[in-house]
Amino acid sequence: MVLNQARKDILAILNKAGVAATPADLVFPPDPQMGDLSLPLFALAKERKIAPGALAQELARTLKPAGLVERLEAAGPYLNFRLKRGEVAKMMLTLPSIPSRQGRGSKTKSPSPSGRGQGRGNQRIMMEMVSPNNNKPLHLGHLRNAFLGESVARLLESQGAKIIRTCLFNDRGLAIAKAMLAYKLWGPPNFPSTKDKVKRVNQSLPEKGDHYVVQWYVLFEQRAKSKEQSDLQKQAEELVRLWEAGDKETLALWKKMAGWALDGINETLKRIEIKFNTIYYESELWKQGKKVVEQGLKKGIFKKDESGAVLVEFDSPSPQPSPIKGEGVIGNPPPLVGGVRGGGLPPKVLLRSDGTAIYATSDLALTPEKFRKYKLSHSIWCVGQEQDLYLKQLFAIFKLLNYKWSDSCEHLTYGHVALPEGRMKTREGTVVEADNLLDELHELARKETQKRHKGLGRENLHARAETIAQAAVRYHLLRVDPKSGIQFDPQQSLAFTGDTGPYLLYTYARIASILRKAETRNLKLETRKSKSPITNFQFPISQNEWTLILLLARFPEIITQATKDRDPSHLAKYLYKLAQQFSDFYENSPILKSAEPIRSFRLALISAIQKTLKHGLHLLTIETVEEM
RNA sequence: GCGCCCGUGGUGAAAUGGAUAUCAUAACUGACUUCGGAUCAGUUGGUGGGGGUUCGAUUCCCUCCGGGCGCACCA
């Protein structure tokens with residue numbers, strides 16, 4: 001934490017002159033030429049009743065540099081500090097090492113300066129994400145969910161938390177019933193044959209199971225629109241009742257179709273390498289959920305309306321989001337958004353008037369189970385913004401039920417992914433399905449890779465193209481603030497140049513290439529500290545190099561900020577800037593061809609950049625390639 | 001109607017209330033006998049309108065205009 005040290009030194013200098021400042025008062029100047037850290041003097045000048053410019057002049061004259069601070073300068077109303085480049089570089093680069101040779105998918109965490117520590121080590125946090133519906137394939141929105149959830153999980157882990165990843169399959173209810181009804185009414189009579197086991201059943205389908213099931217769902221929606229079929233909705237509702245009543249025929253059909261969808265979805269999850277420690281199915285939770293509803297009914301917390309539906313009303317003003325106890329890096333999630341302010345929340349139905357369960361019913365059973373079984377200190381729901389109100393209601397219900405963990409629930413919300421022509425709708429076929437998008441990107445990446453490496457074997461080619469393709473989507477979805485909606489423009493989203501995942505991978509691969517060459521030419525870095533040229537800076541460090549070193553020094557605080565804000569886009573922007581800065585340096589400064597000790601210094605520098613890129617990309621769920 | 005989120009170059013995005021609003025892309029112009037051209041350098045172009053708070057506003061407040069979402073016995 002070199003920067004913390006620098007800030008401390010600056011504050012100490014200021015303190016001597018009776019200037020009380022906090023680390024947060026120190027800002028980075030807009031142009032690195034101006035200085036390394038800066039203190040705006042407006043407030044202080046007002047207090048002392050002099051012009052800020054004069055105050056800056058005076059302080060610059062009277063204060064003496066110390067510690068890591070080399071110089072102080074007045075620049076208008078700002079007091080700028082320059083650090084001792086050699087000292088800082090030494091601290092940042094004392095771990096020179098020749099290229100990490102881990103290939104793709106290596107689990108090795110780079111010993112980046114991020115430090116884990118800081119956070120309270122004993123946090124046990126559950127991250128619920130993806131949560132597919134068993135009537136359709138995963139689409140672009142699920143991808144955003146999965147990568148955001150996974151990235152935030154990794155960020156939290158980097159701060160010392162233990163993350164339990166989970167997924168709730170919405171495998172029962174009205175949606176799947178609609179698909180079942182369509183299949184029942186209009187589907188092929190004996191297809192696939194009943195002797196097929198559910199697990200193997202995909203092989204007998206004309207296509208991937210989830211893609212097959214959704215067609216029946218869409219067919220239902222289309223026909224339900226027409227007037228002649230106006231009772232279709234009621235029939236679907238009846239099917240839900242039959243399912244809950246345990247009707248054998250209905251259960252068999254459900255098992256078959258939900259199974260097809262499940263197989264297909266799992267295949268996609270495997271492809272995007274999203275894994276869970278435990279998995280829940282709504283079909284196994286609704287009964288327990290009904291019990292919770294009954295208990296609430298007995299206690300008078302829930303009530304039955306005249307139609308027989310069970311609902312909860314929130315008379316009291318909606319609970320204000322309270323900061324999580326034991327605040328720090330991990331606690332203090334951003335305040336909940338959405339819903340209703342001031343007055344009460346609108347009532348929420350928990351059980352239909354025909355007694356069947358809905359989505360909320362299962363959440364009522366699942367959440368206490370999560371906290372009990374996994375001894376959670378905190379639980380996060382990674383769910384889209386359109387459910388802001390629902391989650392507010394859910395958390396308010398937990399409060400009414402007086403669970404002691406009711407303040408430890410957090411909604412990780414994110415904006416819609418829309419197409420240029422508007423919202424994605426499964427019903428209308430205007431969805432970007434995850435499988436198709438990944439295939440398309442894979443094909444583009446394969447072509448590009450093949451152009452450059454004619455002799456590459458098929459398996460290598462495939463693996464590389466897949467990593468590059470996934471880097472492209474992952475980066476594209478994580479580079480913007482989670483809260484803002486994304487308009488998915490295929491043209492721009494499929495690009496591999498500019499501010500993209502492949503650009504970062506390319507930068508990484510270039511550094512890897514240089515370090516490989518250094519190794520084969522035996523230009524090993526002298527790692528013994530006493531002899532290492534980089535422990536003794538007798539040569540000037542250029543502005544380019546210095547900017548890179550300062551950027552590297554900021555990495556830890558970028559991570560803590562991204563974790564606190566639940567916003568991986570901070571990290572994405574940082575990594576892009578680092579890569580850009582490296583490219584600038586690379587164009588202007590020879591590395592292998594420069595003389596010692598500059599060469600060793602530059603090798604150590606790019607090695608540190610490489611590690612930071614790898615670690616940072618890993619936190620963004622992106623894997624690197626050594627060549628591309 | 002009520003509530004939440006959001007309006008930044010043609011397009012997509014940055015900017016804890018701080019210095020000359022930063023990038024990408026598109027368009028145009030350049031750079032490979034050199035450590036990888038999926039790269040780099042350059043040119044053109046911008047804070048929805050109006051008030052307010054402040055030494056200072058893209059940022060905070062009010063208002064108008066425009067967009068997205070929610071207010072389901074869907075998830």
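Trainee: Does Asn588 count as buried or exposed?

Mentor: Asn588 counts as exposed, because it has 9 C-beta neighbours inside 10 Å. The rule counts other C-beta atoms within 10 Å of a residue's own, placed from the backbone: 20 or more is buried, 12 or fewer is exposed, and anything in between is partly exposed. Asn588 sits in helix α18. Its C-alpha atom is 55 Å from that of Asn135, 453 residues apart along the chain.

Trainee: What kind of model is this, and how is it numbered?

Mentor: It is a predicted model, where local features need pLDDT of at least 70 and side-chain atom pairs count only at pLDDT 80 or more, while totals for chains, interfaces and linings use all residues. Residues are numbered from 1 along each chain as its sequence is written, with chains lettered from A and ligands numbered from 1 in the order in which they are written.

Trainee: How many helices and strands does chain A have?

Mentor: Start with the rule. Both are DSSP runs numbered from the N terminus: helices are H or I with at least four residues, strands are E with at least two. Chain A has 19 helices and 13 strands. Of its 628 residues, 42% count as buried.

Trainee: What share of the contacts in chain A joins residues 24 or more positions apart?

Mentor: A contact means two C-beta atoms, placed from the backbone, within 7 Å. Among contacts in chain A with a separation of 6 or more, 79% join residues 24 or more positions apart.

Trainee: Into which domains is chain A divided?

Mentor: Domain bounds come from an automatic or database domain assignment. Here they give domain 1 (2–83), domain 2 (124–418) and domain 3 (473–619).

Trainee: In what order do the three strands of the open sheet lie?

Mentor: Strands of a sheet pair through backbone hydrogen bonds, either parallel or antiparallel. Pairing requires at least two DSSP bridges between two strands. The order here is β1-β3-β2, with antiparallel pairing. Strands β1 (37–40) and β2 (69–75) are the edges, each pairing on one side only. Neighbouring strands are turned by 20 degrees on average, direction ignored. Helix α1 (residues 2–16) packs on the sheet and touches β1, β2 and β3. The direction of α1 makes about 65 degrees with that of β2. Such angles run from 0 to 180 degrees between N-to-C directions, with axes fitted to C-alpha atoms, for helices over the stretch in contact.

Trainee: How many bridges join β1 to β3?

Mentor: Four bridges join β1 to β3 (residues 78–83). In one pairing, Leu37 has Phe81 of β3 as its bridge partner.

Trainee: How far does α12 reach from its first C-alpha to its last?

Mentor: The expected span is 1.5 Å times one less than the number of residues. Helix α12 (residues 388–400) has 13 residues and reaches 19 Å, close to the 18 Å expected. Its buried residues include Leu391, Leu394, Phe395 and Phe398. The buried residues of α12 pack against β8 (310–312), β9 (348–351), α11 (359–374), β10 (378–384) and β11 (409–414).

Trainee: Which residues touch the most other members of the largest nonpolar core?

Mentor: In soluble globular proteins, nonpolar side chains tend to be buried together. A nonpolar core is a set of buried Ala, Val, Leu, Ile, Met, Phe, Trp, Tyr and Cys residues joined through C-beta atoms within 7 Å. The largest one has 161 residues, and Ala179, Met180, Met257, Leu504, Leu575 and Ile609 touch the most other members. Beyond four places in sequence, Ile609 contacts Ile511, Leu548, Leu552, Leu578 and Phe582.

Trainee: Which backbone angles deserve a check?

Mentor: Most residues other than glycine have a negative phi, and most peptide bonds are trans. Ser131 has a positive phi of about 35 degrees and lies in the loop between β4 (124–128) and α5 (140–158). Arg566 also has a positive phi, about 55 degrees, in the loop between α17 (543–565) and α18.

Trainee: Why does Arg566 count as buried?

Mentor: Arg566 counts as buried because it has 21 C-beta neighbours inside 10 Å.

Trainee: What kind of peptide bond joins Glu596 and Pro597?

Mentor: A cis bond, with omega about 0 degrees. Pro597 is in the loop between α18 (569–588) and α19 (598–619).
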